[in-house]
Amino acid sequence: MFRNKNILIGITGGIAAYKILELIRLFKKNNANVKVIMTENATNFVTPLTVRTLSNNPVYTKQFEVDNLFPEHISLGTWADIFVIAPASANTIGKIANGICDNLLTSIACAFSKPIIIAPAMNCEMWNNVFVQENIKKLKDNNYQILPPEAGFLACGTSGIGRLCAIEKICNATYEQLKYKNEKLIGKKIVITAGGTRENIDPVRFLGNHSSGKMGVALADKAYALGANVVLINTFNHKSNYKTINVNSALEMKDAVKNEQKNADCIIMAAAVADFRVKNQFENKIKKDTTNEEITLELVKNPDILSEICQSKTQNQIIVGFCAESENLIENARNKIIKKQCDYIVANDISRKDIGFSSDENEVYIIDKTQNITKIEKAPKSIVAEKIFGVIYGAD
Ligand code: C5P
């Protein structure tokens, strides 16, 4: 499972520290090389000697250990493929989220450019503390993987959310992070839109469409799994380990996309954006009894987000549009790439019931600027997503 992989574990001062002994054994059993950093507080809960014996490696506790300044000590961050901080205390979470480096663990976290997994464990009131939650959000938005604590009986005698998640969960998350990555996607900022926009009529009703958002989410999940720094702009809620921004209308989506465009390497507009919105939204709910037999909604055109971002794109930015057509698929897609000036158009045939909207499968054609066409045969959306990245970035 972890052959040739170097896992660095950071243990902070919490009672759940004793569970990490099992985690070390699990990693070792699965052929990982394990090294451990402990904060000084952590050494009150488990002894460095136990950790050293289980990991078969020296244990690192002090930032400036004059008698023990091996070069290895300094290069722990370079050695590790991943840094797993468990249990992560509110204190250490706060420091990392705010760039504080006052011990070896937080200093290495600050300088670490590979994946970091954080598994918090603390009293439930501490977990619910507004600042702790703000720090967690900050870390999550910056691509740290958070494995949230679970509900149950806590060592402090109360019950609630705060227990360290299962050791197996930490092991699996580590495996997923270290699994196959595409070198060309690692660290790239990829912004993806998903879902159908909703254009309000009144506070209760909206104009919408049948997009399920599944293709956009599949692209975001795949990009994240391949090592990218993902931002998903979605009209649906989707729990994930990467940054997600929820929007409703086309105008909200436009603002979110433009905010994220500046330093993006790639933007994929998989969302079904409404072409029109209601000109004068009703402030209050339209009442059946007080209106006539007919009401008229006046619609105005929405901005074309894809066209706008293509106008302001930076030199190396790759912009991908989607096109859903019920007839003349290829011809329409070919015209669209010229009109919108994007780098690729992914075209799918919405007249087919077995693919596209709401389906878990898709079959698409990718058209590039030279009008070259690549067909991706019918497959689950996660596989189609991987193949789309293969066309854009080349398979690894
Ligand atoms: O022109 P059409 O709506 O078919 O183009 C579809 C592509 O343009 C999709 O990538 C969609 O996300 C994007 N789009 C947009 N803004 C709109 C309408 C569509 O960005 N107002």
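Let's start at a turn: in the hairpin of β7 and β8, with 5 residues between the strands, Gly157 takes a positive phi near 100°. Strands here are DSSP runs of E with at least two residues, helices are runs of H or I with at least four residues, and both are numbered from the N terminus. Before we go on, please keep in mind that this is a predicted model, where local features need pLDDT of at least 70, side-chain atom pairs count only at pLDDT 80 or more, and totals for chains, interfaces and linings use all residues. Residues are numbered from 1 along each chain as its sequence is written, and side-chain values use heavy atoms, with hydrogens and water left out.

Strand β7 covers residues 150-153 and strand β8 covers residues 159-163; the two run antiparallel and are joined by 4 bridges. Two strands pair if DSSP finds at least two bridges between them.

Now to the open sheet. Its 6 strands pair in parallel, in the order β3-β2-β1-β4-β5-β6. Which strands stand at the edges? They are β3 (59-60) and β6 (145-146), and each has a single partner strand, so one side of each lacks a neighbour in the sheet. At the β3 end, strand β2 (residues 33-38) runs parallel to β3, and 2 bridges join them. There, Ile37 stands opposite Tyr60 in β3.

Helix α1 (residues 20-29) lies across β1 (6-11), β2 and β4 (82-88), and runs at about 180° to β1. Contact means heavy atoms within 4.5 Å. For the angle, axes are lines fitted to C-alpha atoms, for helices over the stretch in contact, and angles run from 0 to 180 degrees between N-to-C directions.

While we are at β4, please find Pro87, which lies in that strand. The peptide bond from Ala86 to Pro87 is cis, with omega near -10°.

Asn143 has a phi of about 75° and lies in the loop between α8 (130-141) and β6. Its relative accessibility is 22%, so Asn143 counts as partly exposed. On this scale, buried means under 20% relative accessible area, exposed over 50%, and partly exposed in between, using a 1.4 Å probe and protein chains only. Gln341 has a phi of about 65°, and you will find it in the loop between α13 (329-340) and β18 (344-349). With a relative accessible area of 45%, Gln341 is also partly exposed.

Let's move to helix α10, residues 214-225. Its 12 residues reach 16 Å from first C-alpha to last, close to the 16 Å expected at 1.5 Å a residue. That expected span is 1.5 Å times one less than the number of residues. Is α10 largely enclosed or largely open? It is largely enclosed by the rest of the structure, because 9 of its 12 residues are buried. Among them are Met215, Val217, Leu219 and Tyr224, and Lys222 is buried as well. Just after the helix, Gly227 takes a positive phi of about 110°.

Now a pair of contrasting residues. Ser249 sits in the loop between β13 (243-246) and α11 (250-261), and at 14% relative accessibility it is buried. Its side chain reaches the backbone nitrogen of Glu252 at 3.2 Å. Leaving aside neighbours within four places in sequence, Ser249 is in contact with Thr197, Arg198 and Glu199. Lys301, in strand β16 (residues 299-301), is exposed, with a relative accessible area of 63%. Lys301 and Asn372 are 71 residues apart in sequence and, C-alpha to C-alpha, 31 Å apart in space.

Last stop: the cysteines. How many disulfides are there, if a disulfide is a pair of cysteine sulfur atoms within 2.5 Å? By this rule the count is 0. Cys165 is in no disulfide, and the nearest cysteine sulfur, that of Cys171, is 11 Å away. Cys165 is buried, at 1% relative accessibility. For Cys323, the closest cysteine sulfur is in Cys342, at 9.4 Å, which is too far for a bond. Cys323 is buried too, at 2% relative accessibility.

Note on methods. A disulfide is a pair of cysteine sulfur atoms within 2.5 Å. A polar contact is a pair of N or O atoms within 3.5 Å; within protein, one must be able to donate a hydrogen and the other to accept it, and residues adjacent in sequence count only if both atoms are side-chain atoms.
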